Amino acid sequence: MTQSTHEQAQELIALAGANYRANDRAGGNDLSSAQQNWLRAHLEECVACRNYAEAADRAVRALRSQPVAADFSLVRTTQMRVRSRALELRRQQERLWVICVCCVAVTLVTASTTAVLWGGFTWLGQQARLPGPVWQFGLLAIGLMPAIVTGILMLARGTYWADHNGSTQG
C-alpha cells in the first residue's frame, strides 16, 4: 500500500511538531536530514501542505501558551502513586534476586548431595548384593522425597487458605 506524498508530508509535519516554522527549516530531532530536506522541498511546492503545517504549528503554540496548573490533591495523589509503584518495583526486584540466589544454592546443594547419595547407595547396593535397578530406585525415591513433601505441604496450605478465606488463593 503506497502513501500519497501529501499523507507522507502530513505525517512528517506531525513528527516534526512545533519545531516547524513556515519560513524556517522543517523538523526537529525526530526527522532525519533526508526527511527534513524532502519536507522542506515539498512545502515549498505544495500550498495545501504548507497551510496544514502552519495550522499545526499555530495549534501547538496555542496549546503551549495555555498554563496548566495541577490541583494540590492531584499532585499529592500522583506522588503517592509513583512512590508506591517505585516501592513495589523495588520489592519485586529484591524478591527476584532472592529467588535467583535460592535457585543457585538449591542447584549446588542438589548436585553435591546427589553425588554423595549416589556413592552411598552404590556402596549399600554392593554390600547388600542388590541389583542396580533396586538401589537406583531407592536413590530416586530419596531424591524426590523433598519435592513430594513440599508439594503435599503446599497443597495442604492451599486447602487451608481455601477453607478459611473462601478462595483458593494463598
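Among contacts between residues at least 6 apart in sequence, 42% join residues at least 24 apart in the chain. The model is a predicted one. The chain contains five helices and zero strands, and its elements follow the pattern α-α-α-α-α along the sequence. Of the 170 residues in the chain, 14% are buried.

Helix 2 covers residues 33–45. With 13 residues, helix 2 should span 18 Å at 1.5 Å a residue, and the distance of 19 Å between its end C-alpha atoms agrees with this. Four residues of helix 2, namely Gln36, Leu39, His42 and Leu43, are buried. Because they cover an arc of only 135° around the axis, they lie on the same side of helix 2. The face turned away from this buried side carries Ser33, Ala34, Glu44 and Glu45, which are exposed. The partners against which the buried residues of helix 2 pack are helix 1 and helix 3.

One of the buried residues of helix 2 is His42. The relative accessible area of His42 is 9%, and the residue therefore falls under the 20% limit for burial. When neighbours within four places in sequence are left aside, the contacts of His42 are with Thr5, His6, Ala9 and Cys49. Of the residues in this set, Thr5 and Ala9 belong to helix 1, which covers residues 5–16, and Cys49 belongs to helix 3, which covers residues 47–65.

His6 is found in helix 1 and, at 39% relative accessibility, counts as partly exposed. Apart from residues up to four places away in sequence, His6 touches His42, Cys46 and Cys49. His6 and Cys49 are 43 residues apart along the chain, and their C-alpha atoms are separated by 6.6 Å. Cys49 is thus in contact with both His6 and His42, because heavy atoms lie within 4.5 Å in each pair.

Helix 3 consists of 19 residues and reaches 27 Å from its first C-alpha to its last, close to the 27 Å expected at 1.5 Å a residue. Its buried residues are Cys49, Ala53 and Asp57. They are placed on the same side of helix 3, because the arc that they cover around the axis is only 80°. Ala48, Leu63 and Ser65 are exposed on the other side of helix 3. Helix 1 and helix 2 are among the elements that cover the buried residues of helix 3.

Asp57, located in helix 3, has a relative accessibility of 4% and so counts as buried, the limit being under 20%. A separation of 9.1 Å is found between the C-alpha atoms of Asp57 and Ile13, which are 44 residues apart along the chain. Ile13 falls within the range 5–16 of helix 1, one of the elements covering the buried side of helix 3.

Helix 4 has 56 residues. From its first C-alpha to its last, helix 4 reaches 81 Å, close to the 82 Å expected at 1.5 Å a residue. Helix 4 is followed by Arg129, which lies in the loop between helix 4 and helix 5. Although Arg129 is not a glycine, its phi is positive, at about 55°. Most residues other than glycine have a negative phi. Arg129 has a relative accessibility of 76% and therefore counts as exposed, the threshold being over 50%.

The largest pocket has a volume of about 280 Å³. The lining is made up of Val106, Val109, Thr110, Thr113, Thr114, Leu117, Gln136, Leu139, Leu140, Ile142, Gly143 and Pro146. By class, seven of the lining residues are nonpolar and five are polar, while no charged residues are present.

Definitions and conventions
Residues are numbered from 1 along each chain as its sequence is written. This is a predicted model: local features need pLDDT of at least 70, side-chain atom pairs count only at pLDDT 80 or more; totals for chains, interfaces and linings use all residues. Side-chain values use heavy atoms; hydrogens and water are left out. Helices (H or I, at least four residues) and strands (E, at least two) are DSSP runs, numbered from the N terminus. Buried means under 20% relative accessible area, exposed over 50%, partly exposed in between (1.4 Å probe, protein chains only). On a 1 Å grid over the protein atoms alone, a cavity is a set of points where a 1.4 Å probe fits but cannot get out, and a pocket is an open set with protein on both sides within 12 Å along at least five of seven lines; lining residues have an atom within 4 Å of a point. Grid points are joined across faces, edges and corners, and a volume is the space filled by probe spheres set on the points. Ala, Val, Leu, Ile, Met, Phe, Trp, Tyr, Cys and Pro count as nonpolar, Asp, Glu, Lys and Arg as charged, and the others, Gly among them, as polar. The expected span of a helix is 1.5 Å times one less than its number of residues. The arc is that of the directions from the helix axis to the C-beta atoms.
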